[in-house]
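Have a look at the model below, then try each exercise before you read its solution.

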Amino acid sequence: MSTPLLTAPLLTARDLTLHFGRVAALDGVDLEIHPGEVVAIVGESGSGKTTLLRVLSGLMRPDGGEVSYLGQDVLGMGEAARRRLMRTEWGFVHQNPRDGLRMAVSAGGNIGERLMATGARHYGNIREQASHWLTRVEIDPARMDEVPARFSGGMQQRLQIARTLVTLPKLVFMDEPTGGLDVSVQARLLDLIRALVADLGLAVLIVTHDIAAARLLAHRMLVMRHGVVVESGLTDRVLDDPQHPYTQLLVSSVLAA
Amino acid sequence: MSHDPGYNFAYLDESTKRMIRRAILKAVAIPGHQVPFGSREMPLPYGWGTGGIQVTAAILGPTDVLKVIDQGSDDTTNAVSIRAFFRRVAGVATTERTAEASIIQTRHRIPERALREDQILVYQVPIPEPLGRLEPRIAETRRMHAMADYGLMHVKLYEDIARHGHIATSYSYPVMVNGRYLMSPSPIPAFDNPKMDQMPALQLFGAGREKRIYAVPPYTSVKSLDFDDHPFRPIRAPQTCELCGSRDTYLDEVLTDDVGGRIFVCSDTDFCTERQAVREAAE
Amino acid sequence: MYVATKGGERAIGAAHAWLAEVRRGNPDLPELTAAQVEAQLGLAVDRVMAEGSCHDRGLAALAVKQARGDLIEAAFLLRAYRTTLPRFGASTPLDTNAMALQRRISATYKDLPGGQVLGPTFDYTHRLLDFCLAAAGGSPGGAPEAEASTAPSPRVTEMLAREGLMQREAPVEAEPGDLTREPLSFPADRPLRLQALARGDEGFLLSLGYSTQRGYGGNHPFVGEIRMGEVAVGFTPPELGFEIDLGDITVTECQMVNQFKGSRTEPPQFTRGYGLVFGHGERKAMSMALVDRALRAEELGEAATAPAQQQEFVLSHCDNVEATGFVEHLKLPHYVDFQSELENVRTMRASVEAGR
């Protein structure tokens with residue numbers, strides 16, 4: 001795995017803070033992600049990593065700090081602009097596919113929604129694209145007209161990924177995408193994500209508590225604890241030579257398991 | 001003809017009428033946009049045309065000539081009842097002739113005869129929100145309108161085609177007004193949708209229970225949603241009117257016995273009567 | 001040749017005449033007067049005033065008579081009449097602390113200052129049909145009268161609040177919205193929600209309140225206090241500049257006490273669900289208080305998952321005049337749309353057949 005060439009960052013966050021009562025969910029978090037780069041945010045549940053993802057994608061307002069995407073102020077932009085971004089250049093893959101799919105709408109309709117939202121008006125072309133994307137995520141295109149409720153958990157998650165990637169976003173947020181799945185299914189999904197990300201040159205910000213997933217996918221990683229980024233760097237460096245005691249604990253617990 | 005002295009002209013007091021007219025003006029200024037208004041309780045039940053009645057009451061003047069239709073007919077019970085209401089509380093002249101009316105209040109149809117610039121068509125609307133079946137939360141649908149975020153509506157049409165081979169919406173068929181707002185045309189049959197496009201008459205829509213007014217100003221673009229390769233297709237029974245011989249109007253199916261006997265007649269009774277007269281004159 | 005059925009003005013006229021005849025019933029029996037309805041079916045009159053959102057016992061009694069005892073129809077008649085009334089202004093807020101109590105009970109304390117006053121209640125009656133009432137004539141012996149109590153009856157919720165255990169309602173100076181003038185928009189603030197609930201359907205609110213007790217949005221309620229009695233209605237005409245007393249009306253008020261675990265900004269304490277209705281309407285006031293509290297879920301940082309906690313669901317469907325109109329409008333002809341559906345289904349069937 002090679003680090004992408006140095007370019008202007010796609011998304012930059014500076015000094016993000018957010019408190020729930022006396023609990024700090026984010027405490028002075030800085031982050032950058034470049035085009036084509038996969039960055040993992042790891043930590044235990046409650047470490048603030050999902051909150052960070054929600055703040056970066058504009059779903060939640062921090063108490064302080066700034067987020068900019070290609071020079072645009074994400075926190076200051078209107079909802080219309082943020083929604084437009086969310087259905088074109090950004091994508092969001094939820095842990096639970098039910099949160100990212102329309103369960104009563106066919107697989108083809110799920111994939112077609114983003115296309116139609118951005119102006120596609122040719123039924124045949126939409127079907128063709130849907131078929132293409134189902135193939136890419138290893139779902140039989142013959143099942144295009146079935147509703148996702150009839151799919152297995154792994155298939156639902158792959159469908160959610162197809163639905164997100166159909167507009168070729170520049171930046172995809174993933175929140176524990178393998179979270180609710182069996183171990184064998186997880187491995188297959190991680191392979192698929194890795195292949196798609198490399199093919200399409202996507203930038204991905206992935207939240208996970210799974211160190212193995214981070215090692216497989218991410219160029220760089222951030223370790224979070226109590227709302228603070230305690231360590232960050234190239235994935236191999238962080239995992240092979242952890243500096244912070246908490247990272248050392250995380251890594252050793254994986255090794256022990 | 002004079003009106004019942006127990007009530008203000010056209011039932012509503014003048015300040016309420018002014019409030020409704022302000023809502024109408026706003027609606028005309030933003031074609032297809034639903035304007036909330038302080039809908040009043042009327043002496044007819046919600047769902048029976050209270051929105052249309054309030055709009056009509058607000059724009060009605062003593063010299064207006066009112067026509068009321070339901071299902072295209074002047075003689076259906078609710079049309080009769082609303083006409084009688086306005087005769088009583090406004091004392092205005094009423095007519096069954098489309099050509100003679102200055103205001104036409106309608107439920108579920110647009111008259112077959114082309115309307116003119118000096119006429120106003122008032123629709124009774126049960127559910128003004130075209131996105132309601134897909135997203136029941138009003139706060140959310142308002143946001144979708146504000147952002148012109150209409151992908152979901154196309155998903156619905158996509159699903160229709162995927163499932164049935166064609167768009168299976170036959171009435172309340174959603175339209176895009178002036179290229180900006182998605183609008184429910186009220187439960188008129190899809191057959192009537194093309195009549196809304198570039199209509200010379202002002203079209204006003206009143207939803208009493210849902211407390212919304214919206215409008216299509218004269219000569220405004222009204223397009224039925226569709227796909228390039230599955231264009232909008234108005235549906236009508238393919239038969240001929242038994243009474244006037246029409247082949248291009250919307251027909252009602254009338255059962256004549258219980259063993260499958262049926263005939264088809266024009267739903268627009270005034271138009272049918274006129275055609276019959278023309279036909280008889282020619283014979 | 002067959003001609004489509006026509007409604008026609010004559011048929012409608014005849015139907016109305018028939019209705020009048022059925023309303024009168026057997027002419028050999030004396031006609032019921034509105035005054036009798038007002039005096040002897042008082043709870044029906046109260047309900048019609050509450051849901052008709054118009055306080056006039058005489059008109060409500062007339063509406064009950066005209067509606068043949070159909071209380072939703074009667075509320076509808078009263079609402080339509082209400083539309084024609086000129087509006088002079090808003091009364092000053094009712095002071096229910098100063099209520100002339102007919103009934104006042106608390107379930108949270110065995111006894112309390114001012115005491116428990118049972119008042120005219122069904123609560124402890126055995127629900128045995130009383131055949132004495134079927135026989136005409138005879139009047140009940142008068143109820144024994146006690147000395148009117150002069151002891152003050154402070155609010156249970158206020159006593160808790162003094163101890164810091166009950167969340168205080170923040171006073172709002174702003175003029176509350178009026179949902180009879182401005183359509184409800186969402187999210188609706190609490191004054192608007194309470195207005196909608198106060199004129200909402202008793203049965204609907206009862207079921208929703210009940211659902212919160214059965215776990216759909218549970219909020220551990222206690223009846224802090226129910227009080228029913230007469231309060232003065234004050235009004236300040238702008239041309240006078242001072243408040244005048246318009247007279248007394250009977251209202252029922254319920255304050256539910258609910259547990260609250262605390263949030264980011266609030267310590268653990270009790271919170272309040274509030275209900276207030278015209279007349280003697282205890283079931284409605286209690287249901288309203290339960291639903292009011294359920295609708296505060298979001299404000300208090302609770303998960304709003306149950307129907308009773310979702311304000312769009314509750315407020316959009318609690319009005320029975322709206323609900324009955326829209327449900328009953330299905331009786332109106334829909335044959336034009338049905339014709340489109342017929343053609344549609346025929347087309348779909350044809351394409352399925354062709355595909356076989």
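Predicted model: local features only at pLDDT ≥ 70, side-chain atom pairs only at ≥ 80, totals over all residues.

Residues are numbered from 1 along each chain as its sequence is written, chains are lettered from A and ligands numbered from 1 in the order in which they are written, and side-chain values use heavy atoms, with hydrogens and water left out.

**Exercise 1. Describe the fold of chain A in numbers: how many helices and strands does chain A have, and what is its radius of gyration?**

Step 1: Count the elements. Helices (H or I, at least four residues) and strands (E, at least two) are DSSP runs, numbered from the N terminus. Chain A has ten helices and ten strands.

Step 2: Check the size. The radius of gyration is taken over C-alpha atoms, and the globule rule is 2.2 Å times the number of residues to the power 0.38. For 257 residues the rule puts a compact globule near 18 Å, and chain A agrees because its own value is 18 Å. The box around its C-alpha atoms, along the principal axes, is roughly 55 × 45 × 40 Å.

Step 3: Look at burial and contacts. Buried means under 20% relative accessible area, exposed over 50%, and partly exposed in between (1.4 Å probe, protein chains only). In chain A, 52% of the 257 residues are buried. A contact means heavy atoms within 4.5 Å; of the chain A contacts with a separation of 6 or more, 68% come from residues 24 or more positions apart.

**Exercise 2. Find which residues of helix 2 of chain A are buried, and what covers them.**

Step 1: Go to residues 79–87. The buried ones are A:Arg82, A:Arg83, A:Leu85, A:Met86 and A:Arg87.

Step 2: Look around them. From chain A, the cover includes strand 4 (64–69), strand 6 (90–93) and helix 4 (107–117).

**Exercise 3. Run the numbers for chain B: what is its radius of gyration, and what percentage of its residues is buried?**

Step 1: Count again. Chain B has seven helices and twelve strands.

Step 2: Apply the globule rule. With 283 residues, a compact globule would come out near 19 Å, and chain B fits because it has 19 Å. Its C-alpha box is roughly 60 × 55 × 35 Å along the principal axes.

Step 3: Buried residues are 61% of the 283, and residues 24 or more positions apart make up 62% of the chain B contacts with a separation of 6 or more.

**Exercise 4. Place C:Arg199 in chain C, and work out which residue of chain B has a side chain in polar contact with C:Arg199.**

Step 1: C:Arg199 lies in the loop between helix 8 (190–198) and helix 9 (202–213) of chain C.

Step 2: With a relative accessible area of 9%, C:Arg199 is buried. Beyond four places in sequence, its contacts include C:Arg79, C:Arg82, C:Leu179, C:Lys284 and C:Asp319.

Step 3: A polar contact is a pair of N or O atoms within 3.5 Å; within protein, one must be able to donate a hydrogen and the other to accept it, and residues adjacent in sequence count only if both atoms are side-chain atoms. The partner is B:Glu41, whose side chain joins that of C:Arg199 at 3.2 Å.

**Exercise 5. Is C:Tyr216 buried or partly exposed?**

Step 1: Find C:Tyr216 in the loop between helix 9 and strand 2 (221–235) of chain C.

Step 2: Its relative accessible area is 47%, so C:Tyr216 is partly exposed. Not counting residues up to four places away in sequence, C:Tyr216 touches C:Ser211, C:Ala306 and C:Pro307.
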